[in-house]
Amino acid sequence: MNDTNDTTNDDEKTARDALATMPKAELHLHIEGTLEPELAFELARRNDVPLPWGTLDELRAQYRFENLQSFLDLYYALMRTLRTADDFRDLMLAYLRRAAADGVMHAEIFFDPQVHAFTDHVAYDDVLDGLREGLRIGEKRYGVTGALILSLVRDMDVATADRILDMAQARKDEIVGIGLDSAEVGYPPSMFVDQFARARSFGWHAVAHAGEEGPADYIRQALDLLHAERIDHGIHVLDDDELEARLIRDRIPLTCCPLSNLRLQVVGSIDDHPLPRMVRDGLVCTINSDDPAYFGGYAAANYAALAGAGMPPDTLAALAANSIEASFADDADKERMRARLADWRDAHGL
Ligand SMILES: [Zn+2]
């Protein structure tokens, strides 16, 4: 949690404490979006990167967003403080510590190497080395397993996506999937057909952000053109009955991020969030934190926000079960996670 969180009250804190013990997987998490102001300041000092804010409070005051773009402006500004493999290791370890405290057993984690390589001039291998070292240490230290999803940044020159895949190919076995993120409207999935085909040829899974601010048709393109196995966000599926019926029938998982939607004003209040309706309709939904350093809470806070909006505990546990089934973990890991969630449900009478 950071001090900018103005959505938390005592009831939510109590609910969050209980839900933090519920075993779950996190499937929609940008490692750069876990960069807390304190660590950003520390990295800026460590690497002699100038920041336009003199104090932590000045920086924290920037965390009010009108839309996706206003968030991305701060996100990319702070990303410049990440310079070395050690920085990426420390960022990963800071996330895994918080994830473990929130009951996360397994995390599939996006990273944006195009920005690091071509905007900030940090070598791809340094980024990957640091993140992988963080995952190795974090699994031992916190008991959280992790996998990396290389996310293409849809509003950068498409040629840089090709170049990052050139760099990634030699170490393709260290990545589990390809993703697509950043500014959505005006950058449809149809722009990335070749890049996704190539990534799938590496043996990678495919996921894509679609239907967050963009239209339902972007979800259809992600499925038909990119062969996405999961849709990140996807809440605009509710605008298209035929598409919604297809997602229900084919059990396509959606990685929903309630506090993100709230902070970026995709929804007006948590009570207005469409997730309860999506669950009632039969969509396979999961709960995730997206960019938790910016959006006021990690995994358990997102579950707690929905609990505060009236979602019953057995529904929240069912969404945690969805997160296990929708993960790319192997069968043995899924079985281990199912057993832990079943024990928790027994202990809580759910
Ligand atoms: Zn996201």
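Predicted model: local features only at pLDDT ≥ 70, side-chain atom pairs only at ≥ 80, totals over all residues.
**The zinc site**

Begin by selecting the zinc ion together with His28, His30, His209 and Asp290, the residues that coordinate it. Each histidine contributes its NE2 atom and Asp290 an OD atom, at 2.1 to 2.3 Å. Along the chain these donors follow the spacing H-x1-H-x178-H-x80-D.

What angles do the 4 donor atoms subtend around the zinc ion? They run from 83 to 173 degrees, and the arrangement is therefore irregular. For a tetrahedral assignment, all angles would have to lie between 85 and 135 degrees. For reference, the ideal angle for four tetrahedral donors is 109.5 degrees.

Keep Asp290 selected and display its backbone. Asp290 sits in the loop between strand 8 (284-287) and helix 14 (292-295). Its phi is near 65 degrees, a positive value in a residue other than glycine. Is Asp290 buried or exposed? Asp290 counts as buried because its relative accessibility is 2%, below the 20% limit.

Next, select Ser182, in the loop between strand 4 (177-181) and helix 9 (193-201). Ser182 is not a glycine, yet its phi is positive, at about 80 degrees. With a relative accessible area of 8%, Ser182 is buried.

**Helix 2 and helix 5**

Move to helix 2 (residues 37-47) and helix 5 (residues 85-101), and view the two axes together. They pack at an angle of about 165 degrees, with the axes 12 Å apart. The two helices are therefore roughly antiparallel to each other, an assignment that applies to angles over 145 degrees. The crossing of helix 2 past helix 5 is right-handed.

To see the contact, show the side chains of Leu39, Leu43, Arg46 and Asn47 in helix 2; these meet Asp86, Asp87, Asp90 and Leu91 in helix 5.

**Asp102, beyond helix 5**

Now select Asp102, in the loop between helix 5 and strand 2 (104-111). Asp102 is buried, with a relative accessible area of 12%. Which residues does Asp102 touch, not counting residues up to four places away in sequence? They are Leu19, Ala20, Met22, Lys24, Tyr298, Ala299, Ala300 and Ala301.

**Helix 10 and helix 11**

Select helix 10 (residues 216-224) and helix 11, whose axes come within 10 Å and cross at roughly 40 degrees. Helix 10 and helix 11 are therefore oblique to each other. Helix 10 passes helix 11 in a left-handed crossing. On the helix 10 side the contact involves Ala216, Ile219, Arg220, Leu223 and Asp224, and on the helix 11 side Glu242, Leu243, Arg246 and Leu247.

Finish on Leu243, which belongs to helix 11 (residues 241-250). Its relative accessible area is 0%, so Leu243 is buried. Leaving aside residues up to four places away in sequence, Leu243 touches Ala216, Ile219, Arg220, Leu223 and Val237.

Notes: Residues numbered from 1 in each chain as written. Heavy atoms only, no water. Helix = DSSP H or I, 4+ residues; strand = E, 2+ residues; numbered from the N terminus. Buried < 20%, exposed > 50% of the residue type's maximum accessible area, 1.4 Å probe, protein only. Donors = N, O, S within 2.8 Å, 3.2 Å for Na, K, Ca; no water. Tetrahedral: all angles 85-135°; square planar, octahedral: opposite > 155°, others 65-115°. Axes fitted to C-alpha atoms, helices over the stretch in contact; angles between N-to-C directions. Parallel < 35°, antiparallel > 145°, perpendicular 65-115°, else oblique. Left-handed = near helix turned anticlockwise from the far one by under 90°. Contact = heavy atoms within 4.5 Å.
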